[in-house]
Amino acid sequence: MPMVDTIPLETLAQSPLRSLIDKVRDQKIPDPLFFQIFAHVPGYTEALFDALHRSHMEGNVDHKLKEIIRIRLARLAGDQYFSNLRSEIAIDAGLTEEIIEAGCGDFEGDKRFNEAEKWALSYAKLMYTEPKKVNKGFYQKGKTYYSEAEIMELGAFIAFHYGLQVFMRTIKAFPLHDKDGNLMTHAESQKYYSGK
C-alpha cells in the first residue's frame, strides 16, 4: 500500500470527488488511486485535480507531446505511478509506446520529432537536470516555435507535473491496473511494476 492510508472507493460514492473519478475513467490519467490518496482533503483534491487535468488536457500545446513529456518527467522523478499511466486520448490520437520511448530517450536525433517538439522535450529534460541551460538564449530559440503563452503553458506543465510525480514517488504509489487495463490491488501492482 502507499505510505499514506487510502480512502476506500465505496466511501467516495457520495463525495463530489466521485464525479471527478468518473470524468477520468476513460482517460486513465489519473486513476482512482489518486483520488483515494488525496481524498483526505476533498476541496484541495478538487483544485489539485483541476490544475492537473487542465494543464494536461487543455491549452494550445499538442496533447500527445504533453503526454510524452509527462512520462519523461515521471521517469526522471522515479515515479512508478505516473510513469505507468497512459492517456487514452493520446493513444487514440496515434501516440504509441515506441514514440514514448523515443521521446524519453535520445530524441535529439530522432526524425519522428520536429524541431519544436525537440525544443519542448529539451525544456522538460533541462529544467531539472541542467537548469543553467534554460537561459535567455534557450527561451529565444523556443519563441521561434511557440508563442510566449505556449512557453508558459509548457513551463507550468513541466513544473507542476514533475513536483506531483516526486511526491507520488515518496509515498510509493502504483497504478491500480496493468498495462492492458486489468484491475489489480495495490500490492499486485507494486509487484507488477517494480518486481518487488
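Student: Which residues does His-40 touch, not counting residues up to four places away in sequence?

Tutor: This is a predicted model. In it, His-40 touches Asp-5 and Ile-7. His-40 itself lies in the loop between H2 and H3.

Student: Is His-40 buried, exposed or partly exposed?

Tutor: Look at the relative accessible area. Buried means under 20%, exposed means over 50%, and partly exposed is in between. His-40 has 47%, so His-40 is partly exposed.

Student: How far apart are His-40 and Ile-68, in sequence and in space?

Tutor: They are 28 residues apart in sequence. In space they are 30 Å apart, C-alpha to C-alpha.

Student: Now the helices. At what angle do the axes of H1 and H3 cross?

Tutor: Roughly 25°, and the axes come within 10 Å. H1 covers residues 17-24 and H3 covers residues 42-57. Angles under 35 degrees count as roughly parallel. H1 is therefore roughly parallel to H3. As for handedness, H1 passes H3 in a left-handed crossing.

Student: Which residues of H1 and H3 meet?

Tutor: From H1 come Leu-17, Leu-20, Lys-23 and Val-24. From H3 come Pro-42, Thr-45, Glu-46, Phe-49 and His-53. By class, this contact of H1 with H3 has five nonpolar, two polar and two charged residues.

Student: Which residues of H1 are buried?

Tutor: Leu-17, Leu-20, Ile-21 and Val-24. Next, look down the axis of H1. The buried residues fall within an arc of 100°, so they line one face of the helix. What covers them includes H3 and helix H2 (32-38).

Student: Which residues make the contact of H4 with H7?

Tutor: H4 brings Ile-68, Ile-71, Arg-72 and Arg-75. They meet Ile-99, Ile-100, Glu-101, Gly-103 and Cys-104 in H7. The residues of this contact divide into five nonpolar, one polar and three charged. Ile-68 is the residue that lies 30 Å from His-40, C-alpha to C-alpha.

Student: Which residues of H11 are buried, and which exposed residues does the face turned away from them carry?

Tutor: Helix H11 spans residues 186-194, and its buried residues are His-186, Ser-189 and Tyr-193. Down the axis of H11, these fall within an arc of 55°, so they line one face of the helix. The face of H11 turned away from the buried side carries the exposed residues Ala-187 and Lys-191. What covers the buried residues of H11 includes H2 and helix H5 (80-83).

Student: What follows H11?

Tutor: Gly-195 does. Check its backbone: phi is positive, near 75°.

Student: One more residue. Is Glu-153 buried or exposed?

Tutor: Glu-153 lies in helix H10 (residues 148-170). Its relative accessibility is 17%, so Glu-153 counts as buried.

Student: Which residues does Glu-153 touch, not counting residues up to four places away in sequence?

Tutor: Glu-153 touches Glu-58, Gly-59, Asn-60, Val-61 and Lys-66.

Technical notes: Residues are numbered from 1 along each chain as its sequence is written. This is a predicted model: local features need pLDDT of at least 70, side-chain atom pairs count only at pLDDT 80 or more; totals for chains, interfaces and linings use all residues. Side-chain values use heavy atoms; hydrogens and water are left out. Axes are lines fitted to C-alpha atoms, for helices over the stretch in contact, and angles run from 0 to 180 degrees between N-to-C directions. Helices (H or I, at least four residues) and strands (E, at least two) are DSSP runs, numbered from the N terminus. Angles under 35 degrees count as roughly parallel, over 145 as roughly antiparallel, 65 to 115 as roughly perpendicular and the rest as oblique. A crossing is left-handed if the near helix is turned anticlockwise from the far one by less than a right angle, and right-handed if clockwise. Contact means heavy atoms within 4.5 Å. Ala, Val, Leu, Ile, Met, Phe, Trp, Tyr, Cys and Pro count as nonpolar, Asp, Glu, Lys and Arg as charged, and the others, Gly among them, as polar. Buried means under 20% relative accessible area, exposed over 50%, partly exposed in between (1.4 Å probe, protein chains only). The arc is that of the directions from the helix axis to the C-beta atoms.
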